[in-house]
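Reader: Could you walk me through this model, starting with its ligand and then turning to its charged pairs and a helix?

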Amino acid sequence: MPKLAVYPGSFDPFTLGHLDISKRAAETFDSLTIVVVHNPGKTSMLSLQERAEAIRAAFGELPQNICVDVLETGLLANYCTKIGASVIVKGIRSNNDVDYEFPMARVNRDISGIETLMLPASGEYAHISSTLVRQVFELGGDASAYLPAAVAKIVKAKLAK
Ligand code: PNS
């Protein structure tokens, strides 16, 4: 049976670190769905659809085993069950991420049996976060170096509006 994984996140915006985790996860599973999820705890820069579009653009051409989706509302665990995914993938940059992810991983397993696989961020991306990228851009700086070129273009176009 093909092993399907889901890589969820706010991805506002999708960084080089996210791209790295996506590619590594896609090599590990038969198929990977990158799902843009609304996180009410965070202020947003791009709409959910713009983020999904930026992720597709980041790859240029999406690999055959990767697709991109949006989850506007509802439990991630239910979404995973609906599409037949058995693993949630998360990228881990530091102990802070472990503290943040462990409770979610446990709750997701409690409510649906789904496992969470945590991949360590590659060293060169371990300091990158969407939150910092947003902050730099919104305060007039340029954080393009942390983003796939196509994502940087979308962010700049949005902020110029
Ligand atoms: O990139 P983020 O903002 O850290 O991603 C967190 C996210 C969106 C993956 C998480 O908040 C989530 O899974 N939200 C969906 C709602 C849900 O299932 N909540 C229960 C989590 S145990």
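Author: Happy to! A polar contact is a pair of N or O atoms within 3.5 Å; within protein, one must be able to donate a hydrogen and the other to accept it, and residues adjacent in sequence count only if both atoms are side-chain atoms. This is a predicted model, where local features need pLDDT of at least 70 and side-chain atom pairs count only at pLDDT 80 or more, while totals for chains, interfaces and linings use all residues. Residues are numbered from 1 along each chain as its sequence is written, and side-chain values use heavy atoms, leaving out hydrogens and water.

Reader: How far from a ligand oxygen atom is the polar side-chain atom of Asn39?

Author: Asn39 is among the residues around the ligand (a heavy atom within 4 Å). Its polar side-chain atom and an oxygen atom of the ligand are separated by 2.8 Å.

Reader: What share of the ligand's area does the protein bury?

Author: Ser10 places a polar side-chain atom 2.4 Å from a ligand oxygen, and Lys42 places one at 2.9 Å. Taken alone, the ligand exposes 550 Å² (Shrake-Rupley method, 1.4 Å probe; for residues, only the protein chains shown count as cover). Of that, the protein buries 80%.

Reader: Which residue forms a salt bridge with Asp12?

Author: A salt bridge here is a side-chain nitrogen of Lys or Arg within 4 Å of a carboxyl oxygen of Asp or Glu, and the whole structure has 7. For Asp12, the closest N and O atoms of the pair are 3.7 Å apart.

Reader: Is Arg51 buried or exposed?

Author: Buried means under 20% relative accessible area, exposed over 50%, and partly exposed in between (1.4 Å probe, protein chains only). Arg51 has a relative accessible area of 5%, so Arg51 is buried.

Reader: Which parts of the structure do the buried residues of H2 pack against?

Author: The buried residues of H2 include Leu48, Ile55 and Phe59. With contact meaning heavy atoms within 4.5 Å, their packing partners are H1, strand S2 (31–37), strand S3 (66–71) and helix H6 (149–160).

Reader: Which strand holds Lys90?

Author: Lys90 meets Glu101 in a salt bridge of 2.7 Å, N to O. Glu101 lies in helix H4 (residues 95–112), so the pair ties together parts 11 residues apart in sequence. Lys90 itself lies in strand S4.

Terms used:
Helices (H or I, at least four residues) and strands (E, at least two) are DSSP runs, numbered from the N terminus.
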